[in-house]
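Reader: I have a model open and want to read it feature by feature. Where do we start?

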Amino acid sequence: MSDIQINKQRKYNWNMVVILTLIPLIGVFGTGIYVYYNGIVWQEPVMMFIYWFLSGMGITMGYHRLFSHKAYKTNSFVEWVLMIFGSTALENTILKWSSDHRLHHTKAETEDDPYSITQGFWHAHIGWIVKNAPDDKTKVRGVKDLQKKSAVKFQNKYYYHIGIIVGFIIPMAIGFIYGRPLGALLWAGFLRLAIVHHATFFINSLCHYVGRRTYDFKSTARDSWIVSWFTFGEGYHNYHHKFQWDYRNGVKWFAYDPSKWIINGLSYFGITYDLKKVKEHVIMQNHFNSIRTQLTEKFNKSTKSCKVFYQSKVDRLHQKADSLFISWDEMELRYNNMVENGKAKNRTLLKELKNERRQYRAQLNKIKRNLNTIMFDIQKNRLRPELSA
Ligand SMILES: [Zn+2]
Ligand SMILES: [Zn+2]
């Protein structure tokens with residue numbers, strides 16, 4: 001019976017199709033036509049960027065890292081602020097967004113992943129939103145922990161009111177002040193919303209398509225610094241899928257991830273706390289595992305002579321790396337014990353710890369460079385006898 005109902009159901013939700021077609025059309029062409037006839041005043045692009053930043057932050061810092069992943073904690077005032085700006089992105093309520101997103105992680109690349117890349121780029125990007133799905137796939141689940149939050153409860157009642165008042169009417173009111181309400185509405189309302197929408201959609205599509213698989217070679221999620229530039233740091237998606245509860249997506253200090261910098265910055269004032277972070281050696285170990293999988297794949301495609309020449313070298317390098325990881329882990333455990341015993345504030349001990357970490361890092365980086373050189377050589381079917389293991 002239910003199968004018959006599903007078959008009778010239209011494939012597309014036409015209301016969604018119209019809305020998601022009109023927003024970018026009005027945003028891009030409407031703003032373009034307006035500019036052609038009325039020119040540009042500085043307030044409009046400035047307001048567009050500020051609004052883009054605020055609604056983008058509402059999604060990345062709020063919907064994603066705080067509510068969906070609980071990667072850090074904050075007070076309810078910040079939760080309210082993030083809820084309000086997140087609502088202006090018009091990407092559904094925190095509960096629905098988090099429900100879908102948690103499934104995207106736990107059921108990644110299966111039928112239960114709402115925006116699974118295995119169903120194609122288009123489906124992962126926007127298709128899953130404009131298509132009608134069976135009821136059991138659209139219901140909100142696995143978000144009981146969020147339901148009691150005051151910001152979440154309020155948003156559930158007034159989601160559209162907040163999104164439209166803060167996202168469209170307030171920019172228009174600001175536009176009234178300088179005499180161009182329509183210009184303000186087009187720039188900060190429609191154009192901004194089109195950019196925010198597709199930037200988020202690209203995380204589900206492009207970030208499962210383009211980039212490196214640095215920490216988990218078997219995942220479809222990729223790390224792309226380019227995508228990070230227009231998604232407030234969310235482009236490091238391979239790392240994020242491997243360590244979804246880390247408050248950082250761009251884990252290297254220089255990786256463009258403003259959400260990470262703001263969450264970290266606020267922690268110095270006690271506004272954010274309990275920031276979750278994966279230990280450096282665990283991250284590095286996963287990087288080595290990814291290299292190991294890549295090398296196995298490359299060996300399978302390489303010539304027999306290449307395999308004979310490099311296999312033992314690669315094995316030796318991995319054994320060396322494995323024993324370094326064991327020692328590093330033991331050292332970290334010793335340090336944890338010191339923290340528990342209240343000795344970790346001892347400056348000499350801390351200095352020693354930093355030195356030991358530096359040494360492990362240097363040795364492992366050397367091994368990594370050798371493994372990468374070997375990988376490059378295997379790809380080119382080149383035998384390089386001078387390489388030291
Ligand atoms: Zn993903
Ligand atoms: Zn996530």
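Author: Start with a definition. A nonpolar core is a set of buried Ala, Val, Leu, Ile, Met, Phe, Trp, Tyr and Cys residues joined through C-beta atoms within 7 Å. Keep in mind that this is a predicted model.

Reader: What is the general idea behind looking for one?

Author: In soluble globular proteins, nonpolar side chains tend to be buried together. Now the case here. The largest nonpolar core has 48 residues. Met48, Ile94, Trp187 and Phe202 have the most contacts inside it.

Reader: Which elements give two or more residues to this core?

Author: They are helix 2 (14-38), helix 3 (43-68), helix 4 (76-87), helix 5 (94-106), helix 9 (150-177) and helix 10 (181-204). Helix 10 supplies the largest share, 14 residues.

Reader: What does Phe202 touch beyond its neighbours in sequence?

Author: Leave out residues up to four places away, and Phe202 touches Cys207, Val227 and Thr231. There is also a second, separate core of 16 residues. Val314, Leu324, Trp328 and Tyr360 are among its members.

Reader: Let me step back to the whole chain. What is its secondary structure?

Author: The chain has 16 helices and two strands. Its C-alpha trace spans about 70 × 55 × 55 Å along the principal axes. Of the 389 residues, 37% are buried. Take contacts between residues at least 6 apart in sequence: 69% of them join residues at least 24 apart.

Reader: How is the chain divided into domains?

Author: Domain 1 covers 2-273 and domain 2 covers 280-380. Their centres, taken over C-alpha atoms, are separated by 36 Å. Eight residues from domain 1 and six residues from domain 2 make the contact. On the domain 1 side, the residues that touch domain 2 are three nonpolar, one polar and four charged.

Reader: Which residues of helix 15 are buried?

Author: First the general idea. An α-helix has 3.6 residues a turn, so residues three or four places apart point the same way. In helix 15 the buried residues are Cys306, Tyr310, Val314, Leu317, Ala321, Leu324 and Trp328. They pack against helix 14 (280-301) and helix 16 (347-380).

Reader: What about helix 4?

Author: Helix 4 has 12 residues. From first C-alpha to last it reaches 16 Å, close to the 16 Å expected at 1.5 Å a residue. Its buried residues are Glu79, Leu82, Met83, Ile84, Phe85, Gly86 and Ser87. These pack against helix 3, strand 1 (73-74), helix 5 and helix 9.

Reader: Now single residues. Is Leu295 buried or exposed?

Author: Count neighbours: 20 or more other C-beta atoms within 10 Å make a residue buried, and 12 or fewer make it exposed. Leu295 has 22, so it is buried. Leu295 sits in helix 14. Beyond four places in sequence, Leu295 is in contact with Val314, Leu371 and Met375.

Reader: Is Lys380 buried or exposed?

Author: Lys380 has 10 other C-beta atoms within 10 Å, so it is exposed. Lys380 lies in helix 16. The C-alpha atoms of Lys380 and Cys306 are separated by 9.8 Å, although the two residues are 74 apart along the chain.

Reader: And how many C-beta atoms lie within 10 Å of Ala194?

Author: There are 19 others, so Ala194 is partly exposed. Ala194 belongs to helix 10. Setting aside neighbours within four places, Ala194 is in contact with Ile23, Pro24, Gly27 and Val28. Ala194 and Val28 are 166 residues apart in sequence, yet 8.1 Å apart in space, C-alpha to C-alpha.

Technical notes:
Residues numbered from 1 in each chain as written. Chains lettered and ligands numbered in written order. Predicted model: local features only at pLDDT ≥ 70, side-chain atom pairs only at ≥ 80, totals over all residues. Helix = DSSP H or I, 4+ residues; strand = E, 2+ residues; numbered from the N terminus. Contact = placed C-beta atoms within 7 Å. Domains from an automatic or database assignment. Nonpolar A, V, L, I, M, F, W, Y, C, P; charged D, E, K, R; others polar. Expected span 1.5 Å × (residues − 1).
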